[in-house]
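User: I would like to go through this complex with you. Could we begin with confidence and then turn to the helices?

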Amino acid sequence: MNDTAPFDGHADEDLEHALAAYASARLSPDRWATNRMRVAVIEHARSGAPAPAVGGGLERWWGRFQRLGFVALVAALAITGGSAAGVAASPGGPLYGVRVQIETALLPSGTDRTNAQIALLTERSDELTEAIKDGDQNGAGAAGDAYGKQLQQLVDDSVSNPSGGPTAAEVAKQRADLMTLRAALERQLAHLLTIAKPNDTAAANLENNIAKTQAALDTVDAKLAALPTP
Amino acid sequence: MNDETIDRLVAQAQQGDLQAFASIFDTYHVAVYRFVASRVNNPSDAEDLTQLVFVKALEALPRFAARGVPFGGWLFRLARNTVIDHVRTRREHSELEAATNRATEDVGPETVAVMRDDLAAVARALGDLTEDQREVIALRFFAGLSAREAAEAMGRQEGTIRGLQFRAIAALRRSLGLELSGGVEQVADGPTGATSEASA
């Protein structure tokens, strides 16, 4: 894309303004449309499914259904506060998986990604703690699974190598992100070890996540050691 | 985002880096949506088709080779073909009278009414353009592509794009009552490069 405006002369300002206003008012996706598209595209990329046909009756209706479902879920979550939607989207509830999926797909792709991923991981950890405290085995299982997946994605993203020869600035940024991640993982590990002690029913799930967190720490350490020195 | 950064993101996405592809989506989705929305007649279709463009891009990405072809041009060629397929399948002609009619939140009702009139006038003026002229305006002004990228997207020469743009601008200016005292040729002195096309 080119940042140079197609019009440069003063004489064209009125027309340029009129076209820009038209594009902004009538041709721009709203925030919801952007989120829906992003979720659909990123989930498609993640699943590796073939491109759906658009234009056929069933596909079009499915597209509408997905849109309505997304809007309903997001609207319901926005006003939860103990409502039925809030319960349904909590660990073990029927909408929990969808909620995690949406939250994951809406993660920013820029420089804030690592922090946003750590925040989500912490949320999964909090949900796991809460479910264990309430003796909710279903909830603990769902939150534990989500924690494991979130952790895996976070580590995969953080240790991936920029292609084409990373610059010194990129290496420095990656090192800083890895250090942040390392500190967060240490906190998570300490927390999981604490809540694992008095509990028996969720022991297997917790042990599994403790092992995964420890493995993630090892991976991050190995990556940090392999980064070129500044 | 500059071309170098885009090229690197594309290379990373080609190697299966989902985060890089997400960045590409974040960079281009508004532009693609605007182009698509200007070619189809409702926001739902524009959303479905924009989604489809990126899904197709994801699948075709391993076959994309830069070699002088700007990524934006390549992506918008996909977008253009997707719209053409859609119109052909639906047997609908694209209409510029978009179904969205969002009011501006921070202005009063009188201002909103004036703005609506202005937008309707732009829609009518765009509707009076030829199909090619309208497409060039959509690519250059709504999607923000360079002349080179627009040429790649439409499968035309860059000079042809500039010529279409020149004539489209002249027609829009006439329709909107924005003609200059010295005539449209006066405007062609700008860096759009349209002068040579106009005189050709």
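User: What is the mean pLDDT of chain A?

Analyst: The mean pLDDT of chain A is 75, and 71% of its residues reach 70 or more. Here pLDDT is the predictor's confidence in each residue, from 0 to 100. This is a predicted model, in which local features need pLDDT of at least 70, side-chain atom pairs count only at pLDDT 80 or more, and totals for chains, interfaces and linings use all residues. Residues are numbered from 1 along each chain as its sequence is written, while chains are lettered from A and ligands numbered from 1 in the order in which they are written.

User: And what does chain B average?

Analyst: Chain B averages a pLDDT of 78, with 74% of the residues scoring at least 70. For the complex, the predictor gives an ipTM of 0.75 and a pTM of 0.58.

User: Where does pLDDT stay under 50 in chain B?

Analyst: One stretch is residues 92-107 of chain B, for which the model has 25 contacts beyond four places in sequence. Another is residues 181-200 of chain B, with 32 such contacts. Two residues are in contact if their C-beta atoms, placed from the backbone, lie within 7 Å.

User: Which residues of chain A stay under 50?

Analyst: Residues 7-11 of chain A do, and the model has 10 contacts beyond four places in sequence for them. Residues 55-59 of chain A also stay under 50, with 6 contacts of that kind.

User: Changing topic: how many helices and strands does chain A have?

Analyst: Chain A has 9 helices and 0 strands. Helices (H or I, at least four residues) and strands (E, at least two) are DSSP runs, numbered from the N terminus. Chain B likewise has 9 helices and 0 strands.

User: What share of chain B is buried?

Analyst: Buried residues make up 48% of the 200 residues in chain B. A residue is buried if 20 or more other C-beta atoms lie within 10 Å of its own, exposed if 12 or fewer, and partly exposed in between, with C-beta atoms placed from the backbone. Of the 230 residues of chain A, 30% count as buried.

User: What about contacts between residues at least 24 apart in chain B?

Analyst: They account for 65% of the contacts in chain B between residues at least 6 apart in sequence. In chain A, residues 24 or more positions apart account for 64% of the contacts with a separation of 6 or more.

User: Now the packing. At what angle do α1 and α2 of chain B pack?

Analyst: Helix α1 (residues 3-14) of chain B and helix α2 (residues 18-39) of chain B pack at about 135 degrees, with their axes 7 Å apart. That makes α1(B) oblique to α2(B). Axes are lines fitted to C-alpha atoms, for helices over the stretch in contact, and angles run from 0 to 180 degrees between N-to-C directions. Angles under 35 degrees count as roughly parallel, over 145 as roughly antiparallel, 65 to 115 as roughly perpendicular and the rest as oblique.

User: Which residues make that contact?

Analyst: From α1(B) they are L9(B), V10(B), Q12(B) and A13(B), and from α2(B) they are A20(B), F21(B), S23(B) and I24(B). By class, the contact has 6 nonpolar, 2 polar and no charged residues. Ala, Val, Leu, Ile, Met, Phe, Trp, Tyr, Cys and Pro count as nonpolar, Asp, Glu, Lys and Arg as charged, and the others, Gly among them, as polar.

User: How do α2 and α5 of chain A cross?

Analyst: The axes of helix α2 (residues 31-47) of chain A and helix α5 (residues 96-105) of chain A come within 9 Å and cross at roughly 95 degrees. The helices α2(A) and α5(A) are therefore roughly perpendicular to each other. In this pair, R38(A), V39(A), I42(A) and E43(A) of α2(A) meet Q101(A), I102(A) and A105(A) of α5(A). The contact divides into 4 nonpolar, 1 polar and 2 charged residues.

User: Back to chain B. Is F76(B) buried or exposed?

Analyst: F76(B) counts as buried because it has 27 C-beta neighbours inside 10 Å. F76(B) is found in helix α4 (residues 71-90) of chain B. Beyond four places in sequence, its contacts are F35(B), L139(B), A143(B), L145(B), E149(B) and A153(B). The C-alpha atoms of F76(B) and L145(B), 69 residues apart along the chain, are separated by 9.0 Å.

User: Why is α7 of chain B largely enclosed?

Analyst: Helix α7 (residues 147-154) of chain B is largely enclosed by the rest of the structure because 7 of its 8 residues are buried. Among them are E149(B), E152(B) and M154(B). Just after α7(B), G155(B) takes a positive phi of about 70 degrees.
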